[in-house]
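I opened my notebook to record how the parts of this structure meet one another. I begin with the domains and then turn to a pair of helices.

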Amino acid sequence: MAEQRERWTTRRSFILAAVGSAVGLGNLWRFPTIAAQNGGGAFLIPYFIALVTAGIPLLIVEFGLGHMHQGAAPTAFKKANKRFEWVGWWSLMCSVVVATYYCVIMAWSLNYLVHSFNVAWRPPGTPQDYPVTFFDKEFLRVAEAGGNPFNLAGVALPIVLGLAITWIAIYLIISKGIGQVSKVVLITVPMPFILLALLFIRAIMMRGAVTGMDIYLTPDFSRIFDAKVWLAAYGQMFFSLSIGFGTLTAYASFLPKKADINNSAFITALGDCGTSFFAGMVVFSVIGFLAFAQADAGFQYDSIVARQYIERLNGLKDKDPAGLEEPADREDYAVLEGMARAAEVKDGKPAELVPEQIKAGVKPEHVRNFLARIVAREKGISVEQVEEKEIYRKATQITAEQSGPGLAFKVFPIAISMMPGIWQVVVGVLFFTMLLFLAIDSAFSLVEGIVAGLHDKFGVSRLKATAIVCALCFFVGMLFCTYAGLLWLDIVDQWINSYGLVLVGLFEAILVGWVIKTAAFREHVNRHSEIKIGLLWNICVKVLTPIILGATVVLSIGQDIKAPYGGYPIWSLIIGGWMMVLAVVGSGVLLSVLKERKKAQEAQAK
Amino acid sequence: MTLGAWVMLVAGSIAIYGGLIYCIMLTRKHGQSHEYSDETEGGNEERDNIQGQKDTEARN
């Protein structure tokens, strides 16, 4: 008897699972910094246009293919057009590669969650930026690889342990089928939003948070005319929605025949955007607080401010300090003059308190207040305005320097370690729990795609397929647990995104836009949908999306030819980048030519 | 916050969250026409179990 396909038990489960798959770590650590670097609030305009013209149309393509052909990506592509089955397998192999390192990042989060209870990333008596040293030298120990990816140097055992726990969790969630996933997503998808909201309430009450929000949201409309900003918006939209992984196609294949496609795609896309937008508020509130806290500690003033300070003091040095306007100035002047000279010797670098000054009772806030007063007088503005500007400058600098994992594992730990008392533990636990919940749905959806694909074509039981994939990914993921793991992760991530997923998206758009009957596809997705798509969708899928994705690939190739990515040795880029992409495509082709089992054929025919 | 930041916060929220709420309201309005096993009859827990049994039988 032919096997009956599993089904989502409720529409809510399907939408939550799709939103959970789309929403991931990138929403937290990629979108906010890209927005701030590309026009702040003005970035929302190209981003929203990218959502309507590329994000939602491609989501409809993925959902529609899975639903129409009742199969994971390879089956769906094959039924759409026999020559495209290999693209389906290619997309699933991309998701397997991403799963191998995505789970390693989850293992980092798990370790950091444990470290949160004693704020291990900043032991007492260590400098403010110690969390950076902790992450690089104590946790990942990437320094021991000496910047050479081939020098694996050793394995970080706590990360391996975290990785094993992560893969066991994924196995337990998806091995029992879509019915189990339906139950799990009811908790794992809403949870990060609740935790984000709690973090936001705490973050927005901290000093400097509003300045952070200014950086995030103040629009610079001149940037809208910059083509790079538009490419960044389309790129972010594409990566954020998990397009090209084949997971959403697999999820849609478990939908009943009479199910909405278009509105589900709208909800998934808007849910993903809403998470990114909200996460940006949390991230920039914390960055604003961090900038304020560092300004408060008195070591942050940049060379321009330091020079102004030195010039001002040099202008005053011939005068009698007693002639200064305010008594506090007179008091500070004598102590700080020496510091100004020290700063001068250091080529305009910020002045730091020396032990003698600390013994003499000079506090960091003395330095800050003094500098602020001097600059305020020189510029004819208030001290508060000087402080605001300084926080703004520092926050902008943090945004420019740290995005991606650095934001979560360096900037946030620094900020957390500067919070008062018990808040360090509370916010640390909330933040890393939130990271884990954000990531888990995406992680198991990456595996679900390939499990469904193997089950559909080869008739491998779900339990067996899940066990094989999880075990294989765990062992491959060990590479990213070595001391050179971060370097490999960076290379593989760059190539799989630039050449793996983007090309899959391009092929998808070509398949639906030009190879199959677009009108029939549109009629299918419109049949039970609450929102009907029309000519605009055709234009987006046939013309706009292929042009944008094609331009992205061409630009990536141009950049990689111009200079080796990240300054890595060329052989590491060939092996971890080009050969990995070739292996992914090759295995896709190989899996597509293998014969399917008779039982699976019957199920597909049904 | 600057006026520009406030404007973008409000406009972005209306576009994204307003759109999301509108789409969710549409699902409430038209949801009855879709055929999900748990949305036609009986309690959720019971139907999950039935579905689970069906899956197990199918696998075996």
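This is a predicted model: local features need pLDDT of at least 70, side-chain atom pairs count only at pLDDT 80 or more; totals for chains, interfaces and linings use all residues.

Domain 1 of chain A covers 11-296 + 405-605 and domain 2 covers 297-401, with bounds that come from an automatic or database domain assignment. Helices here are DSSP runs of H or I with at least four residues, strands are E runs with at least two, and both are numbered from the N terminus.

I noted that residues are numbered from 1 along each chain as its sequence is written, while chains are lettered from A and ligands numbered from 1 in the order in which they are written. Local features need pLDDT of at least 70 and side-chain atom pairs pLDDT 80 or more, whereas totals for chains, interfaces and linings use all residues.

Next I checked helix 6 (residues 85-116) and helix 22 (residues 462-477) of chain A, which pack at about 65° with axes 9 Å apart; axes are lines fitted to C-alpha atoms, for helices over the stretch in contact, and angles run from 0 to 180 degrees between N-to-C directions. Among the residues that meet are A:V96 and A:Y101 in helix 6 of chain A, and A:V469 and A:C473 in helix 22 of chain A.

Finally, I read that chain B has 2 helices and 0 strands.

Conventions: Two residues are in contact if their C-beta atoms, placed from the backbone, lie within 7 Å.
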